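I opened this entry to keep track of what I looked up, step by step. The sequence and the structure come first, then my notes.

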Amino acid sequence: MNIEKWKVIRAKGKTRFVVQHGVLYWGISTALMWSVIMHFIEPTEPIWVRPLIALILFPLGGLAFGFIVWRSSEAKFANRTK
């Protein structure tokens, strides 16, 4: 972990980090990749169904992912700055 980089990210706040890294970066990109891959693996549903469902569920998972990464990074930061 780069302490100086985390200080900058940390200063912007937890909410921004969770939304940006969890929901936008992880949730939406994973939803789109999953939808495309599943369309080629199992093309049984109309093309718009999976992306619609994925763009709801994966960003919700991204919230959890963002909180977990935040807590983990905060713990590492606390250990290294004692």
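Before I start, one cut-off: I call a residue buried under 20% relative accessible area, exposed over 50%, and partly exposed in between. I also keep in mind that this is a predicted model.

**Entry 1: Lys 76**

I looked up Lys 76 and found it in helix α3. Is it buried, partly exposed or exposed? Its relative accessible area is 43%, so Lys 76 is partly exposed. I then took the distance to Pro 59, which lies 17 residues away along the chain. The two C-alpha atoms are separated by 25 Å.

Next I checked helix α3 itself, residues 49–80. How far apart should its ends be? With 32 residues at 1.5 Å a residue, I expect a span of 46 Å. The end C-alpha atoms are 46 Å apart, which agrees with that. I also looked for a bend. There is a kink of about 30° at Leu 55, shortly before the proline Pro 59.

**Entry 2: the buried side of α3**

I listed the buried residues of α3. Among them are Val 49, Arg 50, Ala 54, Pro 59, Gly 62 and Gly 66. Further along, Trp 70, Ser 73, Glu 74 and Phe 77 are buried too. I recall that an α-helix has 3.6 residues a turn, so residues three or four places apart point the same way. What do the buried residues of α3 pack against? They pack against α1 (3–12) and α2 (14–41).

**Entry 3: α1 on α3**

I took the α1 pair next. The axes of α1 and α3 are 11 Å apart, and the packing angle is about 130°. The two helices are therefore oblique to each other. The crossing of α1 past α3 is left-handed. From α1, the contact uses Ile 3, Trp 6, Lys 7 and Arg 10. From α3, it uses Trp 70, Ser 73, Glu 74, Phe 77 and Arg 80.

**Entry 4: α2 on α3**

Then I turned to α2. Its axis and that of α3 come within 6 Å, crossing at roughly 140°. That makes α2 oblique to α3. I noted the crossing of α2 and α3 as right-handed.

**Entry 5: Ser 35**

Last, I picked Ser 35 in helix α2. Ser 35 has 6% relative accessibility, so it counts as buried. Which residues does Ser 35 touch, leaving out those up to four places away in sequence? I found Arg 50, Pro 51 and Ala 54. Of these, Arg 50 and Ala 54 were on my list of buried α3 residues.

Methods
Residues are numbered from 1 along each chain as its sequence is written. This is a predicted model: local features need pLDDT of at least 70, side-chain atom pairs count only at pLDDT 80 or more; totals for chains, interfaces and linings use all residues. Side-chain values use heavy atoms; hydrogens and water are left out. Helices (H or I, at least four residues) and strands (E, at least two) are DSSP runs, numbered from the N terminus. The expected span of a helix is 1.5 Å times one less than its number of residues. The bend at a residue is the angle between axes fitted to the seven residues ending there and the seven starting there. Buried means under 20% relative accessible area, exposed over 50%, partly exposed in between (1.4 Å probe, protein chains only). Contact means heavy atoms within 4.5 Å. Axes are lines fitted to C-alpha atoms, for helices over the stretch in contact, and angles run from 0 to 180 degrees between N-to-C directions. Angles under 35 degrees count as roughly parallel, over 145 as roughly antiparallel, 65 to 115 as roughly perpendicular and the rest as oblique. A crossing is left-handed if the near helix is turned anticlockwise from the far one by less than a right angle, and right-handed if clockwise.
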